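Welcome! Take a moment to look over the sequence and the fold below, and then we will walk through a few of the features together.

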Amino acid sequence: MRALQARSTVLTSLFVLGALPVGVLGVDILKTNGFSTCLDNATISVERMNVEYNKDTKQVTFDVAGSSSEIQNVTASMKVLAYGKQVYQKDFNPCDKDTFVAQLCPVPAGHFAAAGSQDIPSSYASMIPSIAFSVPDLDGEAKLELKSLDSGQDLACIQSTVNNGKTMEVPAVSYVAVGIAGAALALSALSALGAGAHAGSASPSPSFSEVVGWFQGLAMNGMLSVPYPSVYRSFTKNFAFSGGLVSWGSMQTTIDSFRQHTGGNLTNDSYKYLRNATLVYSNGANSSVAKRGFEDLILLARDITTNVNGTSSTIGASDSSGSGTSATDNKVMHYVHGVQSYVEELSIPQANTFMTVLLVFAVVIAAITVGILLFKVILETCALFASFPKRLTSFRKQYWWLLAKTITNLILLLYGVWTLYCVYQFTNGDSWAAKVLAAVTFALFTATLAAFTFKIWQLAHRSKRTDGDASILFEDKETWRKYSLFYDVYKKSYWWAFVPAIVYMFAKGCVIAGGNGHGLVQTAGQLIIESLMLILLLWWRPYTRKSGNWVNSVIQVVRVLSVVCILLFVEELGVSQSTKTITGVVLVVMQSVLTGVLAILIAVNAIVTCVRENPHRKQRKEAEKLNRDLDTLTPLDARNSLLMGASSFPTEYKSPHTLASPIPLSSIVKTGYQPVRSHSPAARPFYTREESQDHLISSAASIGGWTDRSHSPPRDRQPRLPDVGFGRAL
């Protein structure tokens, strides 16, 4: 009984205030999450350590195994840390009467193991605070050190994190985030339909691309090589879907097979290997440990089973006789950091990262293609039995362009994370075929964006030469339909603002992937990039809508503050663990609040879009009415005068060449006849660029009775006003 009480003391000390959360198991438990060694060249090695405490039953279930190079008398030291601060410490001799542990007195030569369960006295159980069983993802660590009784030399050191089964990595959070992104997509589509494909119409903010970009930023914040607090590490994994990281066992097995046939090494980098591994987050001198969520929890038998060099014995709760075997699983310690730690927590081997995203991208493209073609087939089938809907005539003729535009939009949306995955594949991948695919797709994506950028610049440059500005990009319906996805949210004078946005995404991906393993470099680079983008947004305010400027500025401010907080996690700065944990909680709250605000804004925009009259349609109707009025004017109508200024036209429909003020009659008489400068059709929003104005000149009234149009009229001819039939010429 004395031995059992001593063993209870040792095991209880492993958990006192040291277990602070991760996973959701529905009962009040504390358990270790794997272990790692904290001593090089140890003469005693630990191969397995699984310990669990149940608050309801007040029992500890344990399974420990290891080996020693020789028989040794040792002393043990147990330390428990919470938030980086030591909250419990106990030194004991396993051979002392009060702290006797048979398996450690002395430590045998060769292999040894012990497994079983013990009742914990209430005096020890009461030392564990209730908060340890409820607060998710709080940092706790237990460390056991063995030293030689004779020389004091360090013989072994093991450490393990402990948790209560609760975590911020909750599937419901991912589902809500997907729902927010889907609502943003639906709102963008509703706004586009409401605008009636009107050239120059801007979608409300936050748009689908802004929401997905925000989620991608959250995911990328969790990929840096810094020692994150557990609460923030778990939180960022909820947004992995936005970057195409979707875990699917069958797909990972297929990718492993592909890599194996193209030069890949699956020994320590495969889906099968990860299923039997415990992730150890390595960050310089410190390490933290986390076990995968999909691992099965193995509960051991109540009786204690020991095994020394293959000889087994069972020690019951009241006797020490019997025999048995140890039935436990062996988990390898797998050290990870940076991008690798992020993706492998999702059960995606780091060498499979790019291929996973590529396959997800291909699946999305295939789904979009099938959806558009299926809709086309349904419409054509309906057209055989009824009239074709007039509003869908454009889709019927140009569905292929809609497909191309959708793919281009997806490329623009994923360009930042795609850059990250490609660069990471180049530097960490092992399959030559995967590297070739990364190079080809990255080149295609970049070339596609570059081609559209050049074409848009070419159109804008041509419009500036003829009309004085880049209005063709916004006022010509055909140009708007083809290229507006790049600049539809920007002002006319800032149509080029999408170029810095693309450069911003490219730079972020390169810094995170290229600086993998160097947390300070990654964080400093991110801070510079985010700060520059914030300065540009505040200086330019390039968005058409005020809401767009406000929303994107606030998002960028939070991004800068997030990187500043992550800078505190960098190991080189030496910030305490408690400060890091508080900072992690602040980050979670700040980013969650902004996500909630975006969701509310989407809902408000949806309501406004449904109940408010569309301004673009209203303006178009007013302009069409004005055109009809002008077409029905008579010579006696007061509006049909050369003296009427351009101020009578709506401001938004003025051409750059519209007269800004009335023309005095005296100036006409003094200067003589001046040929009328024709307007550019592209500058007039309600005419197509193919419309000709030749008929306006050919049907015009003769000037001064001159009817021969083969050559210009005499230079000395003076203009005169028309004879309106009052019997005298003016």
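**A helix and its surface**

Trp432 sits in helix α11 (residues 432–467); helices (H or I, at least four residues) and strands (E, at least two) are DSSP runs, numbered from the N terminus. This is a predicted model, where local features need pLDDT of at least 70, side-chain atom pairs count only at pLDDT 80 or more, and totals for chains, interfaces and linings use all residues. Residues are numbered from 1 along each chain as its sequence is written, and side-chain values use heavy atoms, leaving out hydrogens and water.

**Exposure**
- Trp432 counts as exposed because its relative accessibility is 56%; exposed means over 50% relative accessible area, buried under 20%, and partly exposed in between (1.4 Å probe, protein chains only).

**Strands around β8**
- Nine of the 10 residues of strand β8 (residues 154–163) are buried, so the strand is mostly covered.
- Strand β1 (residues 29–37) pairs with β8 in the antiparallel sense over five bridges; two strands pair if DSSP finds at least two bridges between them.
- Thr37 has Ile158 of β8 as its bridge partner, and Leu144 also stands opposite Ile158.
- Strand β7 (residues 140–148) runs antiparallel to β8, joined by seven bridges.
- In the hairpin of β7 and β8, five residues lie between the strands, and Gly152 takes a positive phi near 75 degrees.

**Two spans**
- Residues 354–379 are 100% helix and 0% strand, with end C-alpha atoms 38 Å apart.
- Residues 494–514 are 81% helix and 0% strand, and their end C-alpha atoms lie 31 Å apart.
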